[in-house]
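Subject: Handing over a structure, with notes

Dear colleague,

I am passing a structure on to you, and my notes on it follow below. Please keep the sequence and the model open beside this message while you read.

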Amino acid sequence: MEIVNVELKSRSYPIFIGTGLLQDAASLLKPWIKGKAMIVTDQNVELLYGQTLPASFTENGMTIHMQPMPPGETTKTMDHAMELYTAALKAGMDRRSCIIALGGGVIGDLAGFVAATYMRGIDFIQIPTSLLAQVDSSVGGKVAVDHPMAKNIIGAFHQPKAVIADISVLKTLPKRELSAGLAEVIKYGAGLDEVFFYWLEQHISDIMSLDEAALAYAVKRSCQIKAGIVQSDETENGKRALLNFGHTFGHAIEVEAGYGAYLHGEAVSIGMVYAARLANIMGLTDKSYTERLIKLLKAASLPVEPPGITMRQLLPAMYHDKKVADGKLTFILPTGIGQTGIFSDIPENLLLKL
Ligand SMILES: O=C(O)C(=O)C[C@@H](O)[C@H](O)[C@H](O)COP(=O)(O)O
Ligand SMILES: [Zn+2]
């Protein structure tokens, strides 16, 4: 087992990364569970791990309550949050209680949002079961639900107390979900770490064939990169926005196509290609950047073509992006392999050329 620490003073926490960690989750988590615990999961994950995790808790003498939710992005709503508040009240959860998210990004974001707001905030633990959640959404404390007009628009920063990333669970992940997670992994390489981008180019087929060592390294390196950024800018006043590479376009695609039509990582993949093309038009990168990015995304079986929605149709949703300031769009654009910058006030006519 490896541990990546997210150093945030009193809010610091470990990310445990290894194989077979789920069976032993309760003993790993003992230091953080003081009262009742509610496991929020989705119905697919419940079928796979709905026995293993509760068993580990009962063996350790802990009281837990299991709360399965429907799978998919359409579950990330205030209505579903309300269901969880009701479940928490009925289970007698108090300020010493803790919410455990067992699932992918949707479950982590929703359960985290409920943990951030129930009784003005209770403890929260992330047990991510998708690649996307292990490398990205379980780390950094962004929790939220969606609004029909804008993704993740109602939320909070609420750091987990601990994260357990069990690599073995990735073996049962549908291929489409594996690819969606790889979009965020590729984002770290293409946007923040040239050496990692090169490593991904060399090892993408190992990852696609679920080689354990390659998966474990990809998860660890992604968490290290994300931890580094979050430590320096926890609440996104500057540098953390770089983690949003591909997301202004990506979120607009998710909204316009209807939540769930594209997985988040698929939309981010197309969004990174748009961002790379925009950077090229603006003279920030040469064509080879876009070519290498597209080649890697395709090797990860990710979509790279425009989504059948015009840029004009995407624009209104892009204006709801959280990076908009004074009514002006802000984009994270590449300036070279492993490098990105924050660019404001991009004229619409440039976007309409994409
Ligand atoms: O953690 C971050 O910061 C990120 O931007 C990571 C993103 O991959 C993630 O999708 C995040 O939830 C997007 O945040 P948002 O603030 O654009 O909603
Ligand atoms: Zn993302």
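I begin with one residue, Phe196, which is found in helix 8 (residues 194-208); helices (H or I, at least four residues) and strands (E, at least two) are DSSP runs, numbered from the N terminus. Before going further, please note that this is a predicted model, in which local features need pLDDT of at least 70 and side-chain atom pairs count only at pLDDT 80 or more, while totals for chains, interfaces and linings use all residues. Residues are numbered from 1 along each chain as its sequence is written, chains are lettered from A and ligands numbered from 1 in the order in which they are written, and side-chain values use heavy atoms, with hydrogens and water left out.

Phe196 counts as buried because its relative accessibility is 2%, where buried means under 20% relative accessible area, exposed over 50% and partly exposed in between, with a 1.4 Å probe and protein chains only. Not counting residues up to four places away in sequence, Phe196 touches Val185, Tyr188, Gly189, Tyr217, Ala218, Arg221, Ser222 and Ile225, contact being taken as heavy atoms within 4.5 Å. Ala81 is 115 residues from Phe196 along the chain, and the C-alpha atoms of the two are separated by 37 Å.

The metal site comes next. Glu184 (OE), His247 (NE2) and His264 (NE2) coordinate the zinc ion (ligand 2) at 1.9 to 2.1 Å; donors here are N, O and S atoms within 2.8 Å of the metal (3.2 Å for Na, K and Ca), and since water is not among the atoms, sites may look incomplete. Along the sequence, the spacing of these donor residues is E-x62-H-x16-H. Glu184 lies in helix 7 (residues 175-192) and His247 in helix 10 (residues 247-257), so the pair ties together parts that are 63 residues apart in sequence. Both Glu184 and His247 are buried.

Helix 7 can also be checked for its length: at 1.5 Å a residue, its 18 residues should span 26 Å, and this agrees with the 25 Å between its end C-alpha atoms, the expected span being 1.5 Å times one less than the number of residues. Helix 7 is mostly covered, since 14 of its 18 residues are buried.

The UniProt record, an unreviewed entry, carries the annotation "domain: 3-dehydroquinate synthase C-terminal" for residues 181-324; UniProt positions are given in the numbering used here, feature names are shortened, and annotations may be inferred rather than shown by experiment. That span is 68% helix and 0% strand, and the C-alpha atoms at its ends lie 26 Å apart.

Which residues touch the most other members of the largest nonpolar core? They are Leu131, Ile186, Val219, Phe249, Met318, Phe331 and Leu351, out of 79 residues in that core, a nonpolar core being a set of buried Ala, Val, Leu, Ile, Met, Phe, Trp, Tyr and Cys residues joined through side-chain atoms within 4.5 Å. Helix 11 (residues 264-281) gives the most to this core, with 10 residues. Domain 1 and domain 2 both give residues to the core, so it lies between them. A second, separate core has 24 residues, including Ala88, Ile122, Val143 and Val145.

In helix 13 (residues 311-318), the residues Met311, Leu314, Leu315, Ala317 and Met318 are buried, and the buried residues of helix 13 pack against helix 10, helix 11, strand 10 (330-336) and helix 14 (348-351).

Finally, two residues deserve a look at their backbone angles. Most residues other than glycine have a negative phi. Asn152, however, is not a glycine and has a positive phi of about 55°; Asn152 is found in strand 8 and counts as buried at 18% relative accessibility. Asp345 likewise has a positive phi of about 55° without being a glycine, and Asp345 is found in the loop between strand 11 (339-344) and helix 14.

With best wishes

Technical notes:
Domains from an automatic or database assignment.
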